[in-house]
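Please look over the sequence and the model below before reading on. This report describes the chain as a whole and then goes through some of its parts.

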Amino acid sequence: MAVLDQVPDDNENPSASARRRTAIAELLHRIAPVADGLGERFAAAGYELALVGGPVRDALLRRPSKDVDLTTDAPPEKILEIIKGWADNVWTIGIEFGTVGLRKDGHELEITTYRSESYDPKSRKPAVTYGTSLVEDLRRRDFAVNAMAARLPGYEFVDPFGGLADLQREVLRTPGRPEDSFSDDPLRMMRAARFAAQLGFTVASDVVQAMKDMAGRIEIVSAERVRDELSKLVCGRYPRQGLALLVDTGLAAHVLPELPKLRLEIDEHHRHKDVYEHSLIVLEQAIAQEEEGPDLVLRLAALLHDIGKPRTRRFETGGRVSFHHHEVVGAKMTRKRLTALRYPKDVIADVSRLVELHLRFHGYGTGEWTDSAVRRYVRDAGPLLSRLHKLTRADCTTRNKRKADRLRRTYDDLEARIDRLAEEEELAAIRPELDGNEIQAILGIKPGPLVGKAYKFLLELRLDQGMIGKEAAERELRGWAAGEGIGPE
């Protein structure tokens, strides 16, 4: 743990406490070098200003933080007056919630008026009221580790709810009763799972119980806010921890019901896998292959790739269990769920396509595919080919080492064939050897559906036979057109 060496306590001597306060001030100054000057402006105007929340937590954990969040007793209109002429740029997108954003010397900061917010039992939007006390502002925050602050100027450390001690113990607690906190904002239940996934912290037992008791309250939160928390959770360092918390508390039944449904009953002879556990392992194995940081599309596809299994499960003769076409059903279910969560269209399309394609490799056998089949595999994956490689490799969770090695070698062979064909035929941009204009000229037809039909024929020809040259392609096209009764218009 990268927190300060020890937590302040009642028995700490004054000199040690002073050294610790100095160390914390130095840490915090590094993340907000322009904040002191801003603090002086607020003090001169008769208002308080403090660095607060996530940036304070991350500084103490020695984690990088992009955000610089500040809080004040000044109302938004006064904030604008104080920073006028000092900030390089100002934006007021969140001013209805008391937040003003600014840029100074390349640093972006957000200043929010002390506030409290709560949800009406039937409302999807919080009611915001302004406060006058820093401690009360910290009290209404989600977790004690996020309820620490540093007054400006000077970085006087403020920790009324034991957040520093919680960092040392790696635990998530609410500043007050968790029931009150989650009643104020039910999204905080999702945030508990998200922080567990990001930080690897344990969630306090009373917080977990409150999540179980109040899981249904998440229904009043907008899909967009739930989606954002889910994405951060999935892209965390320990996503299994956060997802397990969602499932165990019943939250997943409301926000991602397909996940707990993967907990299929295991028959006494264990003739099929625990699909839920398998999916979490696939997620972890996909993450292990990431090359440039968290890949949301790959992680969602790994998590959801088998969600069609419960719906397609059949008990066959001889005690076998089948899941025929679960990839097709799963792709439709994925599209429906991600749409309900308001994910962007490109994310929905890419994740559902990967789910649909994740079984394609298993038809490869021991290399029986023709070059035509390999070309189709590449064509169908398109720009998702690299992710499909990772997902397919991650989907091997067998404990049989010999079988796992055989699957790995077989996929190595497929990738080698793809690379060879790519060098020979530019697989990444597979297209017919004749374009639309040439098709029209050769067949003597005008733009329209017939050109598209001819183009599709030539594309299938290219996939089946590879590059055969324009002359041969023209002969094939004329022969096809004659058989279709297509001639000059």
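**The whole chain**

The structure shown is a predicted model. The protein chain has 489 residues, of which 49% count as buried. It contains 23 helices and 13 strands. Taking contacts between residues at least 6 apart in sequence, 65% of them join residues at least 24 apart.

**The sheet**

Seven strands make up an open sheet with mixed pairing, and their order is β3-β4-β5-β2-β1-β8-β9. The edges are held by β3 (89-91) and β9 (156-158); each of these has a single partner strand, so one side of each is left without a neighbour in the sheet. On average, neighbouring strands of this sheet are turned by 30° against each other, direction ignored.

Helix α4, residues 76-83, packs on the sheet. The helix touches β2 (69-72), β3, β4 and β5 (107-113), and its direction makes about 15° with that of β4.

| Strand pair | Sense | Bridges |
|---|---|---|
| β3 and β4 | antiparallel | three |
| β4 and β5 | antiparallel | six |
| β2 and β5 | parallel | four |

Val 90 has Leu 102 of β4 as its bridge partner. In β5, Ile 111 is the bridge partner of Leu 70, and Ile 111 is also the bridge partner of Val 100. Strands β4 and β5 form a hairpin with two residues between the strands, where Asp 105 takes a positive phi near 50°.

**A residue in β5**

Is Thr 113 buried or exposed? Thr 113 belongs to strand β5. Its relative accessibility is 2%, and because buried means under 20%, Thr 113 counts as buried. Which residues are in contact with Thr 113, leaving aside its neighbours within four places in sequence? They are Thr 71, Thr 72, Asp 73, Ala 74, Pro 75, Pro 76, Ile 79, Gly 98, Tyr 130 and Asp 137. For Ala 74 there is a further detail: its backbone oxygen lies 2.8 Å from a polar atom of the side chain of Thr 113.

**Helix α11**

Helix α11 covers residues 239-249, and its buried residues are Pro 239, Gly 242, Leu 243, Leu 245, Leu 246, Val 247 and Thr 249. After α11 comes Gly 250, which has a positive phi near 90°.

**Confidence in the model**

The mean pLDDT of the protein chain is 86, and 88% of its residues reach 70 or more. Where pLDDT is low, predicted coordinates should not be read in detail.

Note on methods. Residues are numbered from 1 along each chain as its sequence is written. This is a predicted model: local features need pLDDT of at least 70, side-chain atom pairs count only at pLDDT 80 or more; totals for chains, interfaces and linings use all residues. Side-chain values use heavy atoms; hydrogens and water are left out. Buried means under 20% relative accessible area, exposed over 50%, partly exposed in between (1.4 Å probe, protein chains only). Contact means heavy atoms within 4.5 Å. Two strands pair if DSSP finds at least two bridges between them. Axes are lines fitted to C-alpha atoms, for helices over the stretch in contact, and angles run from 0 to 180 degrees between N-to-C directions. A polar contact is a pair of N or O atoms within 3.5 Å; within protein, one must be able to donate a hydrogen and the other to accept it, and residues adjacent in sequence count only if both atoms are side-chain atoms. pLDDT is the predictor's confidence in each residue, from 0 to 100.
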